[in-house]
Amino acid sequence: MTPVLSVRNLKVEFPTRRGVLTAIDDVSFDIAPGEVLGVVGESGAGKSITGTAVIGLIEPPGRIAGGEVLLRGQRIDNLPPEQMRKIRGKRIGMVFQDPLTSLNPLYRIGYQLVETIRTHSSLSESAARKKALSLLEEVGIPAPDTRIDAYPHQFSGGMRQRVVLALALAAEPELVIADEPTTALDVSVQAQIIALLKRLCAQHGAAVMLITHDMGVIAETADRVAVMYAGRIAEIGPVREVIKAPLHPYTKGLMGSIPSLAHDSDRLVQIPGSMPRLTAIPSGCPFHPRCPRAFVPCPTFRPELQPEQSSQVACWLYHPFPVTAAAL
Amino acid sequence: MADTTALLVTRITTRERIRAVLGSDLVYSFLRSRVTIAAAMVTAIIVIAALLAPLIAPHDPYDLRQLSLLDSHNPPAWLSGGDMRFLLGTDDQGRDVFSTILYGSRQSIAIGVMATLFAGMLGISLGLIAGYTGGTVDAVIMRAADIQSTFPAILIAMLIDGTSRALFGEQRNEQIVFWVMVLSIGLSFWVQYARTVRGSTLVEKNKDYVLAARLIGIAPVKILFRHVLPNVVGPVLVIATINLALAIITEATLSFLGLGLPSTQPSLGTLIQIGQKYLFAGEWWIAIFPGITLAALVLAVNLLGDWLRDALNPKLR
Amino acid sequence: MLAFIIRRLLQAIVVMLTVALIAFTLFRFVGDPVNMMVGIETTAEERAQLRQDLGLNDPIVIQFARFVGNSARLNFGNSYQFKTPVIDLIADRFPATMELAFASALLSLLVGIPMGVYTALHRRSWLSNIFLAASLIGISLPTFLIGILLIFLFPVTLGILPSFGRGEVVRIGFWTTGLLTASGLKALVLPAITLGLFQMTLIMRLVRGEMLEVLRTDYIKFARARGLTDRAVNFGHALKNTLVPVMTIAGLQLGSIIAFALITESVFQWPGMGLLFLKAVQNVDIPIMSAYLLLVAFIFVTINLIVDLLYAVVDPRIRIDARPA
């Protein structure tokens, strides 16, 4: 079965006046129809940029410098802007982090819904409004027929994120990219929104790319998880495997630092040091300066993602390292 | 559900901090922008020429013995009828336009700088007092600022100038006029400083170190100057640069309207006013050359202000 | 909403009273009003009589109250120079200034907003750079210098367009208009450009700055992510949000246009209120000065009030938050 989304060797660069920054490098992954892929990593690991690149909204001067993005096998990263626009919203929906700022404060939510629906379909004004009402109902807005004429600031944060979800799903996309959809919300609301996201996407048959730094959310929601570090994927695999038996030393550190997941050890592990800045990504494996198990090839040679058990991992611990490295 | 980021805290070392200052955006953006360098050079040339006017001006426009009506209305040297002694021509009294521009710039810059300094000191003091004292004092000062800022500066300056005429009568001598200009322009530009400084003072006032300083008995004035003031140097500098340009424009406008410096001691604005009368007679040089000087000076100062603002406020970049 | 309006109105009244106090102080204490009104040959008795008639012997508070009352009824006394009622002098020149100010305001909005939008949307295009460079020059050129350069360029060098006056005017009731005659319209061109240029560059830079801010917001990113057309994003969403703050500043600018008009009026000998005020300052004609001050303050306060109300109409957050819960 063709994956909904295939990302192949994606590279995104930001030229700055102090040289070109490579924000993500050689990132590859697939999302199968109906699948929820969690993308996890620290701030600055390149998670959001990956999502933004897929939907074609990298802000200039940033640019996709290499690789491909395929939607149902069709390449979309090199489409003319107008065609890419038609894919956005229609085939790929997106949800941003902060529901408080995602909606235009000057327009009623009904207007914003109808506008989105009519951009992607030939529905009449009244049919689009009817659809907007049913979407609001579906995302759990109480009394949608009165709330549809309210302004965003009249909703609470959680309610607004429901409206945002309705907007993202308005044109029945095949893929929803959710970029930290719960980070800005109260803890009590987070679980509801995540559950809603998962249920809606399952009902509408949409695959999800769920970007978050919260391993807990991933553990509950995702089918597979990609762990990103310094603009690269360190490890990708079924969520159960990655959590139970992480392969990459970075993933191990990440899991060890989460209280709820680290129940079998006595103390939380902390990864020494901090993630490198984009201006100073180490050579070889970017994690090697912090890695407790770094050895000969790590500072020099960059590990590729390669299959290991049911996952894929980019680490020399699991692959035969190059002969030239052995000679050092 | 733990936030894994929180456990991977970033620490900035002292060395990194030093490097950040050395590679600072201020120096960097200055050297990178050719426009800014050009603006700095234009400003420097005009200011130095104005300061050295008595040394480099070919004629002394204030020395009546040097003037001859026979030399009046001469076109620039390169036009027919031009005189090599008067590079940019002469005005109606036979004064060398180039020399009057040098002396005129001196007046314009002097009033502009003094007025900006005065407005700055007044605004900073009032801002500090308002922010630190709070209560009624704060309310009165900031209300006054609100009301004043609804009026254009030029109107306030004109009003003060008119008042001085009523007070001093016709005997307003040049010395008085100079200070009246400084006062009237200065008084119309203090609001922005006051608002900025008051804002930072309010922020700093509630920080623990100020409280601690107060508890160990350091005088409030000392606290304000030692701790609050350094935090507002950047914004104040930006406001001052842009205000300097505005002050020069305001002075020129007042003088042009006949409310500023007299023709015996002209500023650039006065020179343009004198020259305006002869524009229709085709004697354009009397007004246009001082006009170009004024525009170049103000533009250069504005460009420097723009650069300062962008360099000190990374958010806007 | 009603509370909001009342609060604003009260603030406006406080501002007007403060300005009235300044105008009164000016009138009462800067120079002696009696000396200003009479000649040298007037006897001491006549002066004393006049002083009594003017009520200058009453307590200051009463005098101020009377001043406020008179001003509210548009009675500003007689001009020292012309010996005629100030209100007549002002009413005579009011239409000229208003026509000039509105022509300039219109010009600055109609040109400034599109230029600002263009430079924000096409940040790196060469045309934007030209606009920005031109705007910096526009801001750096003092108004009177622009006027002189225009006079030098058009009437003097090219021999087109008048360089002074208002042309032929038509009287309609109390209003005189230059908009109905060819010479009146021609005469308006250069003064309107002179006065409007500075505001235009200001509005352009303001619109550009605001729009760039708005284009960076999440809701614009989200609007793009929803696949809305560029037109819907830029003009439906971004422009509307940009114009809310711009409206405030543009309103205030209209006020300062009326004040700045006096410079333009001086350059072009435009027979408006500004020219009257200017002559008044030169001749220390304090009744005209204080009347003009009050009038400008009144116009400012009114515009401010209108802008605040418009704000509430455009921005639902203010409209609804202001409503009692």
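Two residues are in contact if their C-beta atoms, placed from the backbone, lie within 7 Å. Keep that in mind for this predicted model, where local features need pLDDT of at least 70, side-chain atom pairs count only at pLDDT 80 or more, and totals for chains, interfaces and linings use all residues. Residues are numbered from 1 along each chain as its sequence is written, while chains are lettered from A and ligands numbered from 1 in the order in which they are written. For the complex, the predictor gives an ipTM of 0.85 and a pTM of 0.80.

**Two helices in chain B**

- In H8(B), B:Ala153, B:Ile154, B:Ala157, B:Met158 and B:Asp161 meet B:Thr250, B:Thr253 and B:Leu254 of H12(B).
- By class, that contact has five nonpolar, two polar and one charged residues (Ala, Val, Leu, Ile, Met, Phe, Trp, Tyr, Cys and Pro count as nonpolar, Asp, Glu, Lys and Arg as charged, and the others, Gly among them, as polar).
- Helices H8 (residues 153-168) and H12 (residues 220-256) of chain B pack at about 50 degrees, with axes 10 Å apart (axes are lines fitted to C-alpha atoms, for helices over the stretch in contact, and angles run from 0 to 180 degrees between N-to-C directions).
- That angle makes H8(B) oblique to H12(B) (under 35 degrees counts as roughly parallel, over 145 as roughly antiparallel, 65 to 115 as roughly perpendicular and the rest as oblique).
- As for the helices themselves, they are DSSP runs (H or I, at least four residues), numbered from the N terminus.

**Where B meets C**

- Chain B puts 35 residues into the contact and chain C 32.
- H8, H12, H13 (268-276) and H14 (285-312) of chain B each supply at least two residues of the side touching chain C.
- H8(B) gives the largest share of that side, ten residues.
- By class, the chain B side has 25 nonpolar, eight polar and two charged residues.

**Domains of chain C**

- Chain C splits into domain 1 (2-72) and domain 2 (89-318), with bounds from an automatic or database domain assignment.
- Their centres, taken over C-alpha atoms, are 33 Å apart.
- In chain C, 14 residues of domain 1 are in contact with 13 of domain 2.
- Helix H1 (residues 2-29) of chain C brings the largest share of the domain 1 side, ten residues.

**Confidence in chain C**

- Mean pLDDT (the predictor's confidence in each residue, from 0 to 100) is 86 for chain C, and 97% of its residues reach 70 or more.
- Within chain C, confidence is lowest in H13 (residues 316-322), at a mean of 59, and highest in H5 (residues 86-121), at 92.
- Over residues 321-325 of chain C, pLDDT stays under 50.
- Where pLDDT is low, the predicted coordinates should not be read in detail.
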